[in-house]
Amino acid sequence: MFEKNDMIKNNMYFETLGGVNMRTSGVLMPISSLPSPYGIGTMGKAARKFVDFLQKSGQTYWQILPICQTSYGDSPYQSFSSFAGNPYFIDLEYLCKDKLLKKAECDSFDWGGSIRYVDYGTMYESRYALLKKAYARFCKRIPSDYADFCEKEKAWLDDYSLFMALKDANGGVAWAEWDEALKRRDASAIEEAKKTYADDINFYKMLQYLFFKQWRELKAYANEKNIGIIGDVPIYVAMDSADVWANPSLFYLDEDLNPIEVAGCPPDAFSADGQLWGNPLFRWDVMKKDGYTWWTNRIRAVSKLYDIVRIDHFRGFDSFYAIPAGEDTARNGSWKEGPGMDLFRTLEKKLGKLPIIAEDLGFLTPSVHKLLKDSGFPGMKVIQFAFDSREDSDYLPHNYPTNCVVYTGTHDNDTVMGWMKTAPKASVRFAKKYLNLTKEEGYNWGMMRAAWSSVADLAIVPMQDLIGLGSEARINTPSTIGNN
């Protein structure tokens with residue numbers, strides 16, 4: 001599953017599996033949030049400076065959010081491909097060094113008016129226009145390893161690059177609205193499209209070549225400093241993606257290739273209508289028959305990208321919430337059985353031991369707890385969740401097992417300083433008493449102290465908590481669109 005140089009000598013996950021209780025810590029920092037003169041964080045100098053900071057701080061891990069290409073709504077959990085990298089993260093200064101761009105060209109584009117927030121609309125307009133200039137120069141001096149990259153990644157790259165070229169040719173509309181022959185991938189229509197849009201296809205292949213070249217160099221830099229990368233993998237894929245377009249039989253679609261049921265979460269104390277994500281659901285029965293080939297390819301790919309993989313919505317492998325397509329809310333869904341341990345046994349047989357963190361947050365049934373235990377994967381504990389109730393919560397540090405990963409908060413939570421102002425007063429009082437939080441120490445430092453001093457094998461704190469930022473620095477508010 002791994003090449004020797006893909007692994008870190010002192011990898012917490014593998015040390016723990018080997019019976020050595022090696023407690024480690026790290027920082028959650030999205031690549032997009034790194035400083036940049038060009039509107040969004042990238043895999044350039046700032047990323048390396050952050051790695052240096054982690055090393056000097058005695059950290060072992062850098063946790064990031066998904067690096068796949070974002071689609072409409074700009075969420076990394078709704079991507080045009082679960083295999084492709086996000087072109088926004090390609091560092092422009094490095095492209096200047098490679099003589100694919102000129103600094104004056106980079107400076108001539110609008111990157112948005114805020115130094116604090118990413119302007120995704122402006123980013124879309126400017127970044128691709130600039131990268132087209134890089135492509136013109138790229139074609140005049142194609143790197144010697146470009147053809148080899150395209151050949152090695154062709155299993156997903158060919159479908160993805162054609163998909164993106166066709167989206168451009170169709171004004172960006174979803175593939176379900178394309179001409180019937182292309183929508184259904186008629187062989188002759190596909191061959192004709194490959195000829196017609198050959199240049200556009202090659203542009204998207206170049207973007208992926210540049211992305212993965214820069215990513216491999218950044219990851220190698222981090223690993224040399226003994227910093228491991230924890231990546232984030234959404235369980236579901238977007239309906240408007242190369243994944244679904246190229247593999248419709250693996251998803252719950254009707255004869256017209258429209259979703260029958262979609263993913264989400266039922267109503268709970270936080271959302272009266274539940275969460276309607278809208279992703280198409282997997283046909284686990286079909287996937288089982290071919291030995292979970294798609295999932296094998298996906299986990300193999302992300303295991304090369306990251307040292308440890310956090311799988312979002314782990315409970316969906318035990319049972320998943322299915323909402324009839326066309327519903328306006330998640331109220332009328334029902335629970336259905338997932339693949340359970342059969343999937344993970346198959347993956348382990350094919351790939352070896354899996355370096356996975358299970359995102360097991362939310363309402364968990366006994367069968368979900370059993371799946372987590374049987375898998376051996378560490379689950380997640382979020383300290384902010386401990387004080388939502390006066391009950392003896394599993395999220396209170398004194399209840400943690402060693403085989404878990406503790407967070408003060410995740411990308412879906414408010415920051416600690418924000419939480420102290422927005423959480424119910426009774427919850428804040430409980431937290432102050434339980435954790436002995438004081439203004440003198442700093443509420444953020446008190447909560448991080450609790451994470452670091454717990455028995456959890458791994459503690460992760462968001463960068464916002466390290467520097468004491470408030471709600472203005474929150475990354476995401478679940479069930480909302482825009483301003484995240």
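Leaving aside its neighbours within four places in sequence, Ser81 is in contact with Cys68, Trp156, Tyr160, Ser241 and Asp243, where contact means heavy atoms within 4.5 Å. A quick word on the source: this is a predicted model, where local features need pLDDT of at least 70, side-chain atom pairs count only at pLDDT 80 or more, and totals for chains, interfaces and linings use all residues. Residues are numbered from 1 along each chain as its sequence is written, and side-chain values use heavy atoms, with hydrogens and water left out.

Where is Ser81 found? Look in the loop between strand S2 (61-63) and helix H3 (92-97); helices (H or I, at least four residues) and strands (E, at least two) are DSSP runs, numbered from the N terminus. Ser81 is buried, with a relative accessible area of 2%; buried means under 20% with a 1.4 Å probe, protein chains only. Its side chain also reaches the backbone nitrogen of Ala84 at 3.1 Å.

Now to the sheet. Eight strands form an open sheet with parallel pairing, in the order S9-S6-S3-S2-S1-S12-S11-S10; two strands pair if DSSP finds at least two bridges between them. Strands S9 (356-358) and S10 (379-382) stand at the edges with a single partner strand each, so one side of each has no neighbour in the sheet.

Let's zoom in on one pair. Strand S11 (residues 404-407) and strand S12 (residues 458-462) are parallel and joined over three bridges, and Val406 stands opposite Ala459 in S12.

Definitions and conventions. Buried < 20%, exposed > 50% of the residue type's maximum accessible area, 1.4 Å probe, protein only. Polar contact = N/O pair within 3.5 Å; in protein donor to acceptor, adjacent residues only side chain to side chain.
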